[in-house]
Amino acid sequence: MFTLSGIGKQFGNGTKALEGINAEIAPGSFVALLGPSGCGKSTLLRLLAGLDTPSRGEISWGHAGRPAAGEIGYVFQDPTLLPWADAAENVYLPLRLRGVSRAEGMPRVMAALAQVGLDGFEHAKPKALSGGMRMRVSIARALVSEPALLLMDEPFGALDEFTRHKLQDDLLGLWRRTGKTVVFVTHSIYEAAYLANRIMIMTPRPGRIATILTPELPEGAGRRNSAAYHRLVAEITGDFQRIMPA
Amino acid sequence: MSRNVERVAPFAFGLIALVLWQGAVWVTHTPSYVVPGPVDIARAFWEAQGALGAGLLSTLAVTGAALLSSTVLGVFLAVAMAASPLFRSAVQPWAVVVQVTPVVAIAPLIIIWVGQPFLALVVCAVVVSFFAILSNTAAGLAATPPELMDLFRLNGATRWQVLFQLSLPYALPYFLTGLRLAGTLALVGAVVAEFVAGSGGFASGLAWEIIEASYRLQIPRMFAALLLLGAAGVGIYALLGTLERVVLAWRNGA
């Protein structure tokens, strides 16, 4: 469990990106940060990763303490792979940076690639992979150090609908299998409703958490067509109409 | 079919131009010390091939040494500027000053100061060419995706790891573009320096061949040296262009 209390972030130019963010994130939960562009959700993710520091408030990490280098997996909007390295080398990168030997690291790399359904593609360079496969490599790179916390910043935003659905289902399966804590930034109501068991709805200028929902959707193949999912999408849409200034 | 025609076109055009040139020289009875025809130039080239070849080798040696030195200097400065904003703001204006100063103007000084002739020529050629490598490499270092910088930071990477495993490899295509430009610039710098040194009595390179031929009114030989110089420029450009293509294909290949 980690807790955000009174988090505020103001940039050098005076822009208030975040104000008064209070939230608890329980281990093993799938949290969606949902909101329009400019609501500070990516900024909040960067604060969680320790890539930036809050101007006010604090993040307390509970008794597990602040995650060390490599204990956080981060997936960016773009796959951001090294273009000169093949899939295996790209996934090995976080381990290499931390001094894990090739002999020890490569079996973990292969396992991570298998987890995202890319066994057999370890020697393909990014140029030879499709957009969806590149994103899978990027996810494998975040998983390879077996982080307890997986932070994802609109990872599927640039993919086509069919690929996105497939990757969403794969991510859900992965989350259920591994029990990782996932914080997932998205501006898609459908995506947040489909994936998360805790949805934090954010509003812009300055970024705040307006509502927190804790939906329970049926698992398995029927999830995307379930009445509960469609009700949830309608509920969130209604929430936005209510809280967003016209 | 049309691709073959396109491939042959520049040679056909060149051949036609040569024929017209020779024809014009014959018809107008222009003496070869005013405008030599291609036949005269070819004969001059054949007769002076030893001297011209030695001149070309000497110029290419200066160019090669300058290109190597420019690479070391340009990459080092680019890395230092990327690492330290203070160093960047201190050095960048001076790099521009060196770049915009005509090498003809400072070549006499460099030749006096450096003393050793070959080294002086190399320094002149470096002055002309290093900026292309510096500015392109700096642009490449600055183009490293910030997300990858973040990823390296998240995994506790050191500055050296960021430099050698991320920034420099990312800057490689930019560096290769800079190298291709610097190649022809180094040749220009070498020849200009040879001209200055030649008028001061130090005989070296293709430039000296041109000067000497003009002193003796051997205009066909002058043209032969000029053509050789042009061919050397095209050759260097093509060679570095091929290097660029091969390295990048190998790097990004499937």
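In which sense, parallel or antiparallel, do S6(A) and S7(A) pair, and over how many bridges? In this predicted model, the pairing of S6(A) with S7(A) is parallel and extends over five bridges. Strand S7 of chain A, which spans residues 181-186, is mostly covered, with five of its six residues buried. S7(A) is also joined by five bridges to strand S3 of chain A (residues 30-34), and these two strands run parallel. Val182(A) in S7(A) takes part in both pairings, being the bridge partner of Leu150(A) and also the bridge partner of Phe30(A).

A further set of strands in chain A forms an open sheet, in which three strands follow the order S2-S1-S4 and the pairing is antiparallel. Neighbouring strands here are turned against each other by 15° on average when direction is ignored. Six bridges connect S2(A) with strand S1 of chain A (residues 2-10) in the antiparallel sense, and within this pairing Phe2(A) has Ile25(A) of S2(A) as its bridge partner. Helix H1 of chain A, formed by residues 41-49, packs on the sheet and touches S1, S2 and S4 of chain A, while the direction of this helix makes about 60° with that of S2(A).

At the level of domains, chain A is divided into domain 1, made up of 2-67 + 148-243, and domain 2, which covers 80-147. The C-alpha centres of domain 1 and domain 2 of chain A are 25 Å apart, and the contact between the two domains involves 11 residues of domain 1 and eight residues of domain 2 of chain A. On the domain 1 side of this contact, the elements that give two or more residues are strand S6 (149-153) and helix H5 (161-178) of chain A, with H5(A) giving the most, namely four residues. Classified by residue type, the side of domain 1 of chain A that touches domain 2 of chain A has nine nonpolar residues, one polar residue and one charged residue.

The contact between the two chains takes 17 residues from chain B and 18 residues from chain A. On the side of chain B that touches chain A, two or more residues are given by each of helix H7 (146-154), helix H8 (159-199) and helix H10 (219-252) of chain B, and H7(B) gives the most, with seven residues. This side of chain B has eight nonpolar, five polar and four charged residues.

Within chain B, helix H5 (residues 103-114) and helix H6 (residues 117-142) have axes that come within 9 Å and cross at roughly 145°, and the crossing in which H5(B) passes H6(B) is right-handed. H5(B) contributes Val103(B), Ala107(B), Ile110(B), Ile111(B) and Val114(B) to the contact, whereas H6(B) contributes Leu119(B), Ala120(B), Val123(B), Cys124(B), Val127(B) and Val128(B). By class, the contact of H5(B) with H6(B) comprises 11 nonpolar residues, with no polar and no charged residues.

Terms used: Residues are numbered from 1 along each chain as its sequence is written. Chains are lettered from A and ligands numbered from 1 in the order in which they are written. This is a predicted model: local features need pLDDT of at least 70, side-chain atom pairs count only at pLDDT 80 or more; totals for chains, interfaces and linings use all residues. Axes are lines fitted to C-alpha atoms, for helices over the stretch in contact, and angles run from 0 to 180 degrees between N-to-C directions. A crossing is left-handed if the near helix is turned anticlockwise from the far one by less than a right angle, and right-handed if clockwise. Two residues are in contact if their C-beta atoms, placed from the backbone, lie within 7 Å. Ala, Val, Leu, Ile, Met, Phe, Trp, Tyr, Cys and Pro count as nonpolar, Asp, Glu, Lys and Arg as charged, and the others, Gly among them, as polar. Two strands pair if DSSP finds at least two bridges between them. Domain bounds come from an automatic or database domain assignment. A residue is buried if 20 or more other C-beta atoms lie within 10 Å of its own, exposed if 12 or fewer, and partly exposed in between; C-beta atoms are placed from the backbone.
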